[in-house]
Amino acid sequence: MILADKIIELRKRNGWSQEELAEKLDVSRQSISKWEGAQSIPDMNRILALSQIFGVSTDVLLKDELDLGGMSSADIFPEDDAARSVTMEEAAAFLEYRNLSSARIALGVMLCILSPVLLVILSGGQEAGRIALTENQADGLGLIVLFTLIGTAVALFVTTGIRGKRFEYLENEQLDTVYGVSGMVKERRERYGARHTRQLTAGIVLCVVAVIPLFIALLFFEEDEFAEILATGMLLILIAVGVMMIVRTSIIWGGFKVLLEEDDYSRSEKKANKKIAPVASIYWAAVTAGYLGWSFLSMEWHRTWIVWPIAGVAFGIISGIMKMMRSKG
């Protein structure tokens, strides 16, 4: 069975028209018509795209000896990989949810980073004799603010997660978007693109320059320990704002990728993520427990924040290694 016939068969089994398949591949309907008429052959990038869209291996598409006529839909599309239909209304509702949830989650992340700032300043100021409070008063006030901010952040995370339960399948299952959805999503992504670039760049820059106040304190106020404490507080504030911007725009941008099944949300990645998700949950739970344990035992909140950037970089490296291993396998 040649490639042209397989494209026709797989398209029909998915219930797509030539126009719908063309939209998913970002090509013209005439291109699909030529492929199905054996007048031309898609290039390798299109072959890979067809493989992802149809949920089959490239071998099934390219090897003529593999005849789809002897394979049932269950053989080609395993039951656990069955595509879920996504209507225009559902896609629009998901993008609206992503926009609203991005602000709530970004705010929650910022509050978590800001939570120890007052504790660091009050404790450091009290030890340096700059703040007229007892040690218990300084620590008590700082901890009250810390737990209030963390509690608020947790409430934001939980309520946002509950509201997004209905959309979980979009991130975990294969999707079959109705005609017009892909075009709508691409149009919105194009309009948001410039803003995404600005916010992402600004957030990264803030995180990078956040260490400047600390360097200034060390260079010009090396004998003043309280100046270092204040600089640490400013560092956390700048990082909090930068991370908030990165998280918010990344969540919105990720929503477009979810509906278009791109990058981390491609069909192959979704299958792999089902295996990685439990590991990631354990990893971040362990990091959080380690951070809180170290911070409360040492009460050096102005230093223990370093756990988060290190953990983030380590997780990225581990994820990258796992992806490389999967691709080689």
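Modeller: This is a predicted model, where local features need pLDDT of at least 70, side-chain atom pairs count only at pLDDT 80 or more, and totals for chains, interfaces and linings use all residues. Residues are numbered from 1 along each chain as its sequence is written, and side-chain values use heavy atoms, with hydrogens and water left out.

Biologist: How many aromatic pairs are there?

Modeller: Rings of Phe, Tyr and Trp (its six-membered ring) pair if their centres lie within 6.5 Å; planes under 30 degrees apart count as stacked, over 60 as edge-to-face and the rest as tilted. By this rule the count of aromatic pairs is six.

Biologist: What kind of pair do W16 and F54 form?

Modeller: Their centres are 5.9 Å apart. The planes make an angle of 20°, and the pair is stacked.

Biologist: How many residues apart in sequence are the parts that this pair ties together?

Modeller: Helices (H or I, at least four residues) and strands (E, at least two) are DSSP runs, numbered from the N terminus. W16 lies in the loop between α1 (3-14) and α2 (18-25), and F54 lies in helix α4 (residues 44-54). The pair therefore ties together parts separated in sequence by 38 residues.

Biologist: Are W16 and F54 buried or exposed?

Modeller: Buried means under 20% relative accessible area, exposed over 50%, partly exposed in between (1.4 Å probe, protein chains only). Both W16 and F54 are buried.

Biologist: Which kind of pair do W253 and F256 form?

Modeller: Both residues lie in helix α13 (residues 225-260), three residues apart, about one turn of the helix. F256 is buried, at 6% relative accessible area. The ring centres of W253 and F256 are 5.9 Å apart with 90° between the planes, so the pair is edge-to-face.

Biologist: Which residue lies over the face of W16?

Modeller: A charge sits over a ring if NZ of Lys or CZ of Arg is within 6 Å of the ring centre and within 35 degrees of the ring normal. At 4.7 Å from the ring centre of W16, the residue is K24.

Biologist: How many disulfides does the structure hold?

Modeller: A disulfide is a pair of cysteine sulfur atoms within 2.5 Å. C112 is partly exposed, with a relative accessible area of 31%. C207 is partly exposed too, at 25%. The number of disulfides in the structure is zero.

Biologist: Which residues does L149 touch, not counting residues up to four places away in sequence?

Modeller: L149 sits in helix α9 (residues 135-163) and is partly exposed at 21% relative accessibility. L149 and S115 are 34 residues apart in sequence, yet 5.6 Å apart in space, C-alpha to C-alpha. Contact means heavy atoms within 4.5 Å. Beyond that sequence limit, L149 touches L111, L114 and S115.

Biologist: At what angle do α8 and α9 pack?

Modeller: Axes are lines fitted to C-alpha atoms, for helices over the stretch in contact, and angles run from 0 to 180 degrees between N-to-C directions. The axes of helix α8 (residues 117-127) and α9 are 8 Å apart. The angle between the two helices is about 175°.

Biologist: Is α8 roughly parallel or roughly antiparallel to α9?

Modeller: Angles under 35 degrees count as roughly parallel, over 145 as roughly antiparallel, 65 to 115 as roughly perpendicular and the rest as oblique. Residues of α8 that meet α9 include L118 and L122. By the angle, α8 is roughly antiparallel to α9.
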